[in-house]
Amino acid sequence: MAKAGVEVGKMRPISVPGALWRPLRGTWMEALALVGGVALWEMLGWLLAMPWLPPFSKVMEALVQFVQSGVILANVVVSLQGLAIGFSISLVVGLLVGALMGRYRRVEQALHIYVHALFISPSMIFAPIFFAIFGLSDAVRIAVIVVYSLFVIIINTTTAIRTVDPALVEMACSFGANERQIFVRILLPASLPLVFAGIRLGMGRAVRGMINGEMFIAMVGLGALAQRYGSQFEASKAFAIAMVVLIIALVCNWIVQTVENSLTQWVD
Amino acid sequence: MIQVRGLSKEFAGRDGTDTGIVALDSLDFEVRDNEFLTVIGPSGCGKTTLLRIVAGLIPYDRGEVSINGTPVTGPGPDRAVVFQNFALMPWADVLTNVAFGLEIRDMPKAECEATAMRLVKLVGLEGFERRLPKELSGGMQQRVGLARALAVNPRILLMDEPFGSLDEQTRRLLQEQLLRIWERERKTVIFITHSMEEAVLLGDRVMLMTPRPGRVKEIINVPLKRPRGHDTEKSATFVEIKEYLWQNLRSMQVA
């Protein structure tokens, strides 16, 4: 007989694709792969001597210069502000709407088509519309981050709530739990593992939204730097910016993962 | 006293048409106060449906279910359910699981813990209060389920094949433990089972049900003296009733 806990535990495997999104844990294989990758990059950079592939050391040089001149810090702050606001909006709205859709059939039926259509469609398609609405303001790039990250959070939260073991809800009912108690004491904790899978995916998409918004619309922050050096064919500088973005993505993912781990230790 | 009069329950067909499944068809029976009623029947006879109706978890179509004259319209503090698959919260430790019903009823935190602790001891899980369900064996998990139900001190205990998924040895131990607890603090019990031994060993009366549609075939008195234990199974009366049940169940079996 399947036990409730095991059932929930089994629902875990939705994970973020790509090893780079995983927080770098200190296994020696990962360290070896990193060192090997850097060495290969360095070697190819010198051997090929192509303008689009500067050696790793040149990229690092550019990065150090950026850091020293304060360019990076200023732009990281701008980018992260947008990310924080945009992702927070996605998180709050996503969890709320997702929870309602998961619990109430009618809400799900009403919103399903919109959520899935917006999830599937390329988010940048809405950028010009946001531009028209908000004009030349930070609201545009924040809105882009929201459309990038909101829907995957909604969809995962909906599924998470929907797939909570009905035996647990029935158990709560048998003790006379009201709707609020069922939500707080059963649905919320039981759905956490899947909800967090959605938050992790949402975080990844939010970082993508941040850079895309900055590169193609707002022309601020790291995205603007990447755009500028990219179009000026300053490859080592463009790579340096890419490294910074990569690190931000990893750190964001690590934060989500840490919170998740501390809240879902009960999952096998 | 639990009174069931002309109780019928039909489930809608899969495509929502009127060709529904009649799960229960005009059930009539009553359970006296402090009586231990076991319910047995072939699979698909609606035993679990019956239990869930008495628990107030699902509505019924016709007839009446009442407790001391008050019709059942939903779950109530007079009843607690022990579930077949335990239905424990996997994220909560043993003590929190046992205290669940108390917390739902807004009992102060300290009192919750004290009561839960008393029940944890009663079912012999002292020392396991802080363990998670996944760290316990099936038998221990169901003892948590039993403690959780007993914690709210219900007049009526509704048990849905509680030992059905446990192995034979564990099941016997839990049956003995349940008998000891019940003999100490009497409650009205409806106990669903598919085990003939279990039905006779535990019950004051055994209600035999027919498969689809579920009806009451017969209610058999079990005149075995209490306290009972596994020695009871050696008595001639026990064997006789068990044999009688088997004759009836075999004649109903389709497979």
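**Before you start.** The model is predicted: local features need pLDDT of at least 70, side-chain atom pairs count only at pLDDT 80 or more, and totals for chains, interfaces and linings use all residues. Residues are numbered from 1 along each chain as its sequence is written, while chains are lettered from A and ligands numbered from 1 in the order in which they are written.

**Stop 1: the domains of chain B.** Color chain B by domain. Select 1-71 + 156-163 + 174-255 for domain 1 and 79-153 for domain 2. These bounds come from an automatic or database domain assignment. The C-alpha centres of the two domains lie 25 Å apart.

**Stop 2: where the domains touch.** Here 12 residues of domain 1 of chain B are in contact with 13 residues of domain 2 of chain B. Contact means C-beta atoms, placed from the backbone, within 7 Å. On the domain 1 side, strand 7 (156-160) and helix 6 of chain B each give two or more residues. Strand 7 of chain B supplies the largest share, 5 residues. Helices (H or I, at least four residues) and strands (E, at least two) are DSSP runs, numbered from the N terminus. This side of domain 1 divides into 9 nonpolar, 1 polar and 2 charged residues. Ala, Val, Leu, Ile, Met, Phe, Trp, Tyr, Cys and Pro count as nonpolar, Asp, Glu, Lys and Arg as charged, and the others, Gly among them, as polar.

**Stop 3: B:Leu173.** Select helix 6 (residues 168-184) of chain B, then B:Leu173 within that helix. Buried or partly exposed? B:Leu173 counts as partly exposed because it has 16 C-beta neighbours inside 10 Å. The cut-offs are 20 or more other C-beta atoms within 10 Å for buried, 12 or fewer for exposed, and partly exposed in between, with C-beta atoms placed from the backbone.

**Stop 4: the largest nonpolar core.** Now show both chains. This core has 142 residues, and B:Val98 and B:Ala147 touch the most other members. Helix 9 (residues 179-218) of chain A gives the largest share, 17 residues. A nonpolar core joins buried Ala, Val, Leu, Ile, Met, Phe, Trp, Tyr and Cys residues through C-beta atoms within 7 Å. Select B:Ala147. Beyond four places in sequence, its contacts are B:Val98, B:Leu119, B:Val120, B:Leu122 and B:Val123.

**Stop 5: between the chains.** The contact takes 23 residues from chain B and 18 residues from chain A. On the chain B side, helix 3 (residues 100-104) gives the largest share, 3 residues.

Technical notes
Contact = placed C-beta atoms within 7 Å.
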